[in-house]
Amino acid sequence: MAASFLSNPTTFLQSSSSSSLTSQKQHTVKGTSVCKPVCRLPNYPPHISKRSLSINLTSLFLLSLTGNANAAILEADDDLELLEKVKQDRKKRIEKQTVLNSANKDKEYLQDVIYKLSKVGQAIENNDLPSAGSILGQTDADWLKKANAALSQLSSSAEEKAEVDTFNSSLTSLYSSVTKNDIEGSKTAFVDSASAFEKWTTLTGLTGQLKGL
């Protein structure tokens, strides 16, 4: 019997190999049946009592009421400030209009300024600076003194006073350019003077009360 196995070694090797594979499969199956899935603990939601939930909701409600109350107070303060500003502006306009309505003499002086500037502008446009100089007169001319008095009397805001300064400065340049027979300088100074005066009348509300603008 031993001789028959030795005489056919292939048969022996196949038989041994087959037995070995069968044994490995059995061990593998057995090993697989032993494994079990790892157990995991269930996740439970945190426990919140009705009392704590009620307290939290109440706190949020009170905070929202406080925030709304503060916002309402701030808004009321803003409304009061705006209302007070409107009242003050209205009061100033009424006072200003009262002064303008009673300033008949001042308006006559200012009307004379418009007349003078109109004549000077025509002379400069015709390149007739000697005529422009005659209309302007001296720098201390009576019409100019009265005009400055009226401008100062009727100017109340800083912007109005600034336009008066611009007008006087431009008028000084106009006198200088006419005296030097500088036609281009005279034209520029005239436009600046007329523009400043017109803007001043708009700021003071005299535009509709003076002719020739």
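Me: At roughly what angle do the axes of helix 5 and helix 7 cross, and within what distance do they come?
Reply: The axes of helix 5 (residues 129-136) and helix 7 (residues 158-179) cross at roughly 135 degrees and come within 9 Å. Axes here are lines fitted to C-alpha atoms, for helices over the stretch in contact, with angles from 0 to 180 degrees between N-to-C directions. Helices are DSSP runs (H or I, at least four residues), numbered from the N terminus. This is a predicted model, where local features need pLDDT of at least 70 and side-chain atom pairs count only at pLDDT 80 or more, while totals for chains, interfaces and linings use all residues. Residues are numbered from 1 along each chain as its sequence is written, and side-chain values use heavy atoms, leaving out hydrogens and water.

Me: Why is helix 5 called oblique to helix 7?
Reply: Angles under 35 degrees count as roughly parallel, over 145 as roughly antiparallel, 65 to 115 as roughly perpendicular and the rest as oblique. The crossing is at roughly 135 degrees, so helix 5 is oblique to helix 7.

Me: What makes S170 buried?
Reply: Its relative accessible area is 9%, and buried means under 20%, exposed over 50%, partly exposed in between (1.4 Å probe, protein chains only). S170 therefore counts as buried. S170 sits in helix 7.

Me: How do you know that N181 is exposed?
Reply: N181 has a relative accessible area of 54%, so N181 is exposed. N181 lies in the loop between helix 7 and helix 8 (183-204).

Technical notes. Helix = DSSP H or I, 4+ residues; strand = E, 2+ residues; numbered from the N terminus.
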